[in-house]
Amino acid sequence: WGKQGHIIVCKITEKYLSEKAAAAVQELLPESAGGELSAVCPWADTVRFRYRWSRPLHYANTPQLCNFKFSRDCHNSRHQQGMCVVGAINNYTDQLYSYGDSKSSYNLTESLMFLAHFVGDVHQPLHVGFEEDEGGNTIHVHWYRRKENLHHVWDNSIIETTMKDFYNRSLDTMVEALKMNLTDGWSDDISHWENCANKKATCANDYAIESIHLSCNYAYKDVEQNITLGGQYSIYHNPVMNIITISHFGLRMITIGNSASWNTDDYFFSRYPIVEQRLAQAGIRLALILNQIFGEDKANA
Ligand code: ADE
Ligand code: ZN
Ligand code: ZN
């Protein structure tokens with residue numbers, strides 16, 4: 001996800017932390033976070049260059065297949081095992097279990113900031129995508145008036161358009177709406193999200209499997225190079241000149257009179273619910289992991 005996606009995920013997590021986990025998180029957060037986990041959740045994207053080894057830890061790719069296999073797909077370009085988003089979640093989870101050991105040699109502040117980021121990323125469907133197109137990065141598309149790539153649409157554009165159309169451009173309003181959905185519409189799903197089928201590997205492995213399925217069924221579905229995923233086409237008939245003009249622009253409006261227009265918003269309207277659900281799932285599951293590490297005592301979940 002982009003910056004906003006990571007902040008949304010972690011604002012949801014904050015609400016579901018146990019008292020013990022919230023206290024441990026407070027102790028580990030850097031001064032600059034101002035006591036808010038969400039402030040540091042985008043951090044890992046800012047150290048991609050300083051820590052070059054961390055770049056492949058944001059994602060995992062498959063050889064054009066709609067399933068994820070850790071042994072086949074979790075590696076960096078030098079084929080070092082575990083160097084992908086699933087391996088990173090497992091690794092930073094393990095490191096954080098040493099919290100409280102005076103002998104721990106890890107920088108647990110960084111472990112927490114990486115873990116919070118990567119649990120978000122593994123829920124972005126295209127962070128478990130196809131190697132060939134780099135998770136949609138090489139697929140060029142039009143999003144309303146902008147040229148984007150498919151990966152960026154899922155990291156940022158769908159969230160931005162959702163915020164603009166439904167939540168008054170406010171991130172906090174979107175977070176409140178997702179929290180309400182969690183206590184209401186999704187409340188029956190939460191226990192299902194918290195339980196992973198494949199306990200032998202880890203839950204992160206299951207989150208990656210969900211993501212590649214969503215990539216195939218939603219993100220890549222019906223997409224081809226240079227397609228327009230959001231926008232509007234209009235046909236105007238000018239009766240005086242007797243000419244027809246075809247235009248393409250980003251405002252959503254219905255025109256009458258000598259023109260007809262139709263929206264090409266199908267992609268947005270069928271995909272934004274997936275994005276909202278993945279952000280909420282990531283938030284809930286990050287809280288679950290942190291509560292397991294630092295101790296349960298469900299405060300307000
Ligand atoms: N670079 C290569 N593959 C990627 C992916 N699936 N997500 C993000 N960045 C990538
Ligand atoms: Zn991304
Ligand atoms: Zn990332």
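**Around ligand 1**

Visitor: Which side chain has an N or O atom 2.8 Å from a nitrogen atom of ligand 1?
Guide: That's the side chain of Asn 61. Such a pair is a polar contact (N or O atoms within 3.5 Å). Bear in mind this is a predicted model, where local features need pLDDT of at least 70, side-chain atom pairs need 80 or more, and totals for chains, interfaces and linings use all residues. Side-chain values use heavy atoms, without hydrogens or water, residues count from 1 along each chain as written, and chains are lettered from A and ligands numbered from 1 in written order.

Visitor: What about the backbone of Leu 126?
Guide: A polar backbone atom of Leu 126 is 3.1 Å from a nitrogen atom of ligand 1.

Visitor: Which residues are around ligand 1?
Guide: Tyr 59, Asn 61, Leu 126, Glu 134, Gly 135, Asn 137 and His 151, taking those with a heavy atom within 4 Å. The protein covers 94% of the 260 Å² of accessible area that ligand 1 has on its own (Shrake-Rupley, 1.4 Å probe).

Visitor: How does that shell split by class?
Guide: Two nonpolar, four polar and one charged, with Gly counted as polar and Tyr as nonpolar.

Visitor: New topic: which pocket does ligand 1 take up?
Guide: The largest pocket, with more than half of a molecule's atoms within 2 Å of the grid points as the cut-off. A pocket is an open set of points on a 1 Å grid where a 1.4 Å probe fits, with protein on both sides within 12 Å along at least five of seven lines; lining residues have an atom within 4 Å of a point.

Visitor: How many residues line the largest pocket?
Guide: 33, with Arg 48, Arg 55, Pro 56, His 58 and Tyr 59 nearest its centre. The lining has seven nonpolar, 15 polar and eleven charged residues.

Terms used: A polar contact is a pair of N or O atoms within 3.5 Å; within protein, one must be able to donate a hydrogen and the other to accept it, and residues adjacent in sequence count only if both atoms are side-chain atoms.
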